[in-house]
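Subject: Structure handover

Hi,

Here is the structure I promised to pass on.

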Amino acid sequence: MDINENIKAWLTNDEVPQELKNEIKKMDETALKNAFFQEMQFGTAGLRGIIAPGPNSMNVLTVKRATIGYGLFIKKHYSYMEKPIVVIAHDNRHMHDEFTNIVAQTLNNMGINTIVFDMGGVLLDFGAELFSRRLHVGAEGEALLRQHLLCTTDWVRLDRGTITGEEVY
């Protein structure tokens, strides 16, 4: 399929959210070529790319498509397991919650159980006191850890993804 056919397929696909279709219509020629010239490649670090419409970018459809492929692989190679389990981990980059939910829903719909590993309160409330207690550093160490790291404004902003690690240092 050439670039123009790819673009047309996305614009006419009911699974493509309207907001992505609107973005496609606003893209210049260079952006369209970059987004639609090939399918995004799954590498050793998973899927990596800019968040944008198109099969060569990170978006809800490329994440779902890769997840379906992964789910089919699991079902084929682990068919002896009645209900396989996949642990999903993520960081706090843009769209982490949407992508995590898509992966979990897609795999669950395929009969694969999922567990979302959530470090730092991205999806669940993070209890700094309980976390520091688990490190067994004593009451003084726990207080220092909370005071200088876990309960700082920068930690909360970093955990929410509103600043980067580089901005903290």
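This is a predicted model, in which local features need pLDDT of at least 70 and side-chain atom pairs count only at pLDDT 80 or more, while totals for chains, interfaces and linings use all residues. Residues are numbered from 1 along each chain as its sequence is written, and side-chain values use heavy atoms, with hydrogens and water left out.

I started with salt bridges (a side-chain nitrogen of Lys or Arg within 4 Å of a carboxyl oxygen of Asp or Glu). How many does a search of the whole structure find? The search comes back with three.

Take E15 and K64 to begin with: their side chains form a salt bridge at 3.9 Å, N to O. This pair ties together distant parts of the chain, 49 residues apart, with E15 in the loop between α1 (3–12) and α2 (18–26) and K64 in helix α4 (residues 60–77). A note on the labels: helices (H or I, at least four residues) and strands (E, at least two) are DSSP runs, numbered from the N terminus. E15 is exposed at 51% relative accessible area, and K64 is partly exposed at 33%. For those words, buried means under 20% relative accessible area, exposed means over 50%, and partly exposed is in between (1.4 Å probe, protein chains only).

Next come R65 and E39, whose side chains meet in a salt bridge at 2.7 Å, N to O. Here too the link joins distant parts of the chain: R65 belongs to helix α4 and E39 to the loop between α3 and α4, 26 residues apart. R65 is exposed, at 55%, while E39 counts as partly exposed with 34%.

Then there are K33 and E29, with a salt bridge between their side chains at 3.3 Å, N to O. Both sit in helix α3 (residues 29–36), and because they are four residues apart there, about one helical turn separates them. On accessibility, K33 is partly exposed at 43% and E29 is exposed at 57%.

One more residue for you to click on: N6, in helix α1. Is N6 buried or exposed? N6 has a relative accessible area of 10%, so it counts as buried. Setting aside neighbours within four places in sequence, N6 makes contact (heavy atoms within 4.5 Å) with M1, F36 and P55.

Cheers
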